[in-house]
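User: I am new to this structure and would like to learn how to read its main features. Could you guide me through them in order?

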Amino acid sequence: MPVKKKRKAAAGAAAAQDEAGLKKCKLGRSQASGKVISGEEHFSSKKCLAWFYEYAGPDEVVGPEGMEKFCEDIGVQPENIIMLVLAWKLEAESMGFFTKEEWLKGMTSLQCDCTEKLQSKFDFLRSQLNDISSFKNIYRYAFDFARDKDQRSLDIDTAKSMLALLLGRTWPLFSVFYQYLEQSKYRVMNKDQWYNVLEFSRTVHADLSNYDEDGAWPVLLDEFVEWQKVRQAS
């Protein structure tokens with residue numbers, strides 16, 4: 001009996017400590033004069049799971065409604081690129097959804113079990129976009145993440161939106177390429193075309209002077225170059 005008593009007391013103390021930690025995490029911003037908490041607290045799988053259930057539905061998936069609330073709580077618009085980087089870190093399969101397994105695996109990797117800890121990782125998540133290798137992985141991930149799972153290609157409107165998110169601020173020719181897509185015959189973009197757009201944006205000069213017409217570019221990009229050269233000549 002004394003042993004059981006001791007165990008109960010220890011369990012009670014641990015539960016109280018967990019609850020206090022969760023409260024501290026939620027209140028960390030106001031208690032620390034507006035500063036987000038650092039990684040000084042140990043990561044707790046229990047707190048991470050409780051955090052997940054704040055947004056998950058009865059099917060144990062964070063769906064569109066839960067995702068909207070999640071974005072509101074972390075202070076990020078759903079269309080912000082940081083959400084794409086986070087989804088990549090969680091290895092999420094479908095846009096607008098996080099499963100429990102994806103959440104626990106990804107947040108454990110990030111050592112985040114509450115809102116403030118995730119907010120403290122924003123600079124790290126953004127930094128992934130500046131790393132050439134990581135950006136390429138994020139860009140490639142975006143294709144499967146954004147496409148309808150019963151389709152092998154991205155519909156052209158989704159492709160344009162994702163390209164704007166990923167390349168809109170860094171590729172000098174993006175606005176021209178966007179105009180080309182809007183007036184083109186293409187209604188979908190396949191994976192090979194998607195991958196090659198990134199390679200094109202990184203290797204071909206804005207004036208197209210080093211474009212190799214005999215290279216192994218997809219027809220979509222050959223036609224884009226031809227279309228742009230006609231525009232430049234007129």
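**Reading the fold, a helix pair and the core**

Analyst: The protein chain has twelve helices and four strands. Please keep in mind that this is a predicted model.

User: What percentage of the residues in the protein chain is buried?

Analyst: Of the 234 residues in the protein chain, 41% are buried. As for contacts between residues at least 6 apart in sequence, 66% join residues at least 24 apart.

User: How should I read the packing of two helices, such as α8 and α9?

Analyst: One begins with the distance and angle between the axes. Here, the axes of α8 (residues 132–146) and α9 (residues 156–167) come within 11 Å and cross at roughly 160°. Angles over 145 degrees count as roughly antiparallel, and α8 and α9 are therefore roughly antiparallel to each other. The crossing of α8 past α9 is right-handed.

User: Which residues make this contact?

Analyst: Helix α8 contributes Phe135, Ile138, Tyr139, Ala142 and Ala146, while α9 contributes Thr158, Met162, Leu163, Leu166 and Leu167. By class, nine residues in the contact of α8 with α9 are nonpolar, one is polar and none is charged.

User: Which members of the largest nonpolar core touch the most other members?

Analyst: That core has 66 residues, and Phe70, Met107, Leu118, Trp194 and Phe200 touch the most other members. Helix α4 (residues 81–90) gives the most to this core, with nine residues.

User: With which residues is Met107 in contact, leaving aside its neighbours within four places in sequence?

Analyst: With those neighbours left aside, Met107 is in contact with Phe43, Cys48, Trp51, Phe70, Leu86, Leu90, Cys112 and Leu118.

Key: Residues numbered from 1 in each chain as written. Predicted model: local features only at pLDDT ≥ 70, side-chain atom pairs only at ≥ 80, totals over all residues. Heavy atoms only, no water. Axes fitted to C-alpha atoms, helices over the stretch in contact; angles between N-to-C directions. Parallel < 35°, antiparallel > 145°, perpendicular 65-115°, else oblique. Left-handed = near helix turned anticlockwise from the far one by under 90°. Contact = heavy atoms within 4.5 Å. Nonpolar A, V, L, I, M, F, W, Y, C, P; charged D, E, K, R; others polar. Core = buried A, V, L, I, M, F, W, Y, C linked by side-chain atoms within 4.5 Å. Buried < 20%, exposed > 50% of the residue type's maximum accessible area, 1.4 Å probe, protein only.
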